[in-house]
Amino acid sequence: MKPFMDENFLLSTETARVLFHEAAKDMPIIDYHCHLQPREIAQNIKFDNITHLMLGGDHYKWRAMLSWGVEERLIRGDGDPKEKFIAFADTVAHAIGNPLYHWTHLELQRVFGVDTPLNKDTASEIYDYTSELLQQDDFRAQALVDKFNVDYLCTTDDPVDDLSFHQAIAAEGKLKARVLPTFRPDKAVNVDRAGFADYIQQLSRVAGMEIKSTADVLTALERRVEYFHALGARISDHGMDTVPYGEPSFKQADKAFKAAMAGEEMKQKHIDSYRTVILAGLGAMYAQRGWTQQYHMSAMRNNNTAMFRRYGPDVGFDSITDQPIAHNLSRLMDLQDTQGQLPKTILYCLNGAANGIIGTMLGNFQQGGIKGKIQMGSGWWFMDQKDGMEDQLHYLANLGVLGTFVGMLTDSRSFISYPRHEYFRRILCNVIGNWVENGEYPADMETLKGLVRDICYNNAKEYFGI
């Protein structure tokens with residue numbers, strides 16, 4: 001029997017162990033997509049207790065707790081923090097096979113030096129010990145980021161944000177990591193969503209112009225892209241639950257835009273045209289500035305109406321959709337490519353059944369002179385687990401060139417999610433180690449170590465140009 005989560009956790013071969021300990025383990029981190037709040041970073045917040053730190057905003061954990069039958073007051077409600085942590089401990093002790101079990105124990109080990117398995121019997125002592133540590137400055141927000149050797153941290157920001165907290169972080173200059181904004185224009189793209197007209201008014205104000213048409217929307221967005229670019233942004237992000245494609249006609253797009261602004265019903269073909277025109281226009285802006293666009297696809301959000309009304313979005317009631325993506329994704333990328341304006345692109349799909357679609361789509365739009373211009377994104381959200389990561393690595397290796405991969409991200413709202421990079425690196429080294437020890441690749445350790453270092457850090461550094 002192997003020891004519980006020791007230094008060789010998930011490393012089943014000698015090759016894997018050498019690659020992890022001598023190549024992957026100490027590489028810096030580029031967290032190119034996360035949901036940490038710039039305000040909390042700028043204010044260098046102190047966490048009240050481990051519940052605040054570990055459970056606050058983490059819908060992965062809330063979802064598991066509800067599945068274990070924990071009362072709502074101890075999940076998203078106003079229950080006692082210690083009771084909440086004990087309830088989570090009881091949940092996670094029964095979540096064998098769930099990545100939460102591994103993540104939680106990596107967080108306890110790496111942040112607090114706690115090796116004790118978490119369960120309802122150990123939870124109270126762990127709560128008291130860790131909550132006392134959290135009163136020290138070494139456990140404030142910025143110190144936690146620095147602890148994990150993070151070089152770059154890219155937040156998720158709306159085009160109307162003034163980015164004042166990013167400016168404050170840069171001006172203070174105490175954080176070792178460089179915190180950069182990422183452009184997330186979903187509210188300007190989704191013409192059919194509630195609140196679109198109000199959002200356009202906000203965009204109009206921050207862009208300093210009147211917006212009367214689809215072309216005006218693009219002009220306003222370009223002004224915001226320029227503003228973000230000046231503050232270091234080099235990456236955009238799009239939550240494309242379904243991939244749109246319609247006639248790339250401003251005339252058709254304007255029909256959707258004007259109907260939305262007037263609160264009138266829209267035709268689907270006009271909605272598709274609007275979204276296509278906006279996404280193609282944004283892609284051109286990104287390409288001209290050397291940015292990368294990220295497409296996050298195939299999520300079905302806010303399934304539970306009662307909980308959405310009670311708590312809003314992103315609280316644990318989303319799932320995977322099975323709507324097709326291949327045709328529209330091909331047409332959208334081809335539109336950008338034929339215009340000579342297809343930027344570097346990372347494709348994530350929440351539906352693991354589409355791994356082959358994504359893996360083969362890459363090769364359609366690669367470009368000489370840019371290594372891995374079109375990327376298959378890492379295992380994302382529900383695929384962010386051992387099997388999901390292994391599947392993503394296998395599909396990319398089978399259908400593309402694994403050595404170009406830009407590696408892992410946290411996609412997290414938590415300041416202690418950085419052990420997920422370690423989790424990924426262990427899985428990466430184990431997959432490669434198995435190939436080597438099975439005689440499928442020579443035991444050329446220098447080449448293998450270089451490949452691992454590239455995937456862990458170097459490729460992302462080069463790819464994003466940050």
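A residue counts as buried here when its relative accessible area is under 20%. Keep that cut-off in mind as we walk through this structure, which is a predicted model.

Let's start with helix α16, which covers residues 326-338. Its 13 residues reach 18 Å from the first C-alpha to the last, close to the 18 Å expected at 1.5 Å a residue. Several of its residues are buried: Leu329, Ser330, Leu332, Met333, Leu335 and Gln336. An α-helix has 3.6 residues a turn, so residues three or four places apart point the same way. What covers the buried residues of α16? The cover includes the strands β4 (235-240), β5 (292-297), β8 (344-349) and β9 (374-376), along with the helices α14 (268-289) and α17 (355-364). After α16 comes glycine 340, and its phi is positive, near 70°.

In general, strands of a sheet pair through backbone hydrogen bonds, either parallel or antiparallel. Zoom in on β4 and β5 and you'll find six bridges joining this parallel pair. Histidine 238 stands opposite tyrosine 295 in β5.

Next up, the aromatic rings. How many aromatic pairs does a search of the whole structure find? The search turns up 18. One of them brings together phenylalanine 148 and tyrosine 418; the ring centres are 6.0 Å apart and the planes meet at 35°, so this pair is tilted. The two residues come from distant parts of the chain, 270 residues apart: phenylalanine 148 is in the loop between α8 (141-147) and β2 (150-154), while tyrosine 418 is in the loop between α18 and α19 (419-437). Are they buried or exposed? Phenylalanine 148 is buried because its relative accessible area is 13%, and tyrosine 418 is buried too, at 2%.

Tyrosine 286 and tryptophan 291 give us a stacked pair, 5.6 Å centre to centre with 5° between the planes. Tyrosine 286 counts as buried at 0% relative accessibility, and tryptophan 291 does at 1%. Ring pairs also tie Tyr286 and Trp291 into a cluster with Phe183 and Phe228.

Arginine 76 lies over the face of tyrosine 311, at 5.6 Å from the ring centre. Likewise, lysine 344 places its charged end over the ring of tyrosine 463, 5.2 Å from the centre of that ring.

Lysine 386 counts as partly exposed because its relative accessibility is 32%. Which residues does it touch, leaving aside neighbours within four places in sequence? Lysine 386 is in contact with Leu10, Tyr423 and Ile427.

Definitions and conventions: Residues are numbered from 1 along each chain as its sequence is written. This is a predicted model: local features need pLDDT of at least 70, side-chain atom pairs count only at pLDDT 80 or more; totals for chains, interfaces and linings use all residues. Side-chain values use heavy atoms; hydrogens and water are left out. Buried means under 20% relative accessible area, exposed over 50%, partly exposed in between (1.4 Å probe, protein chains only). Contact means heavy atoms within 4.5 Å. Helices (H or I, at least four residues) and strands (E, at least two) are DSSP runs, numbered from the N terminus. The expected span of a helix is 1.5 Å times one less than its number of residues. Rings of Phe, Tyr and Trp (its six-membered ring) pair if their centres lie within 6.5 Å; planes under 30 degrees apart count as stacked, over 60 as edge-to-face and the rest as tilted. A charge sits over a ring if NZ of Lys or CZ of Arg is within 6 Å of the ring centre and within 35 degrees of the ring normal. Two strands pair if DSSP finds at least two bridges between them.
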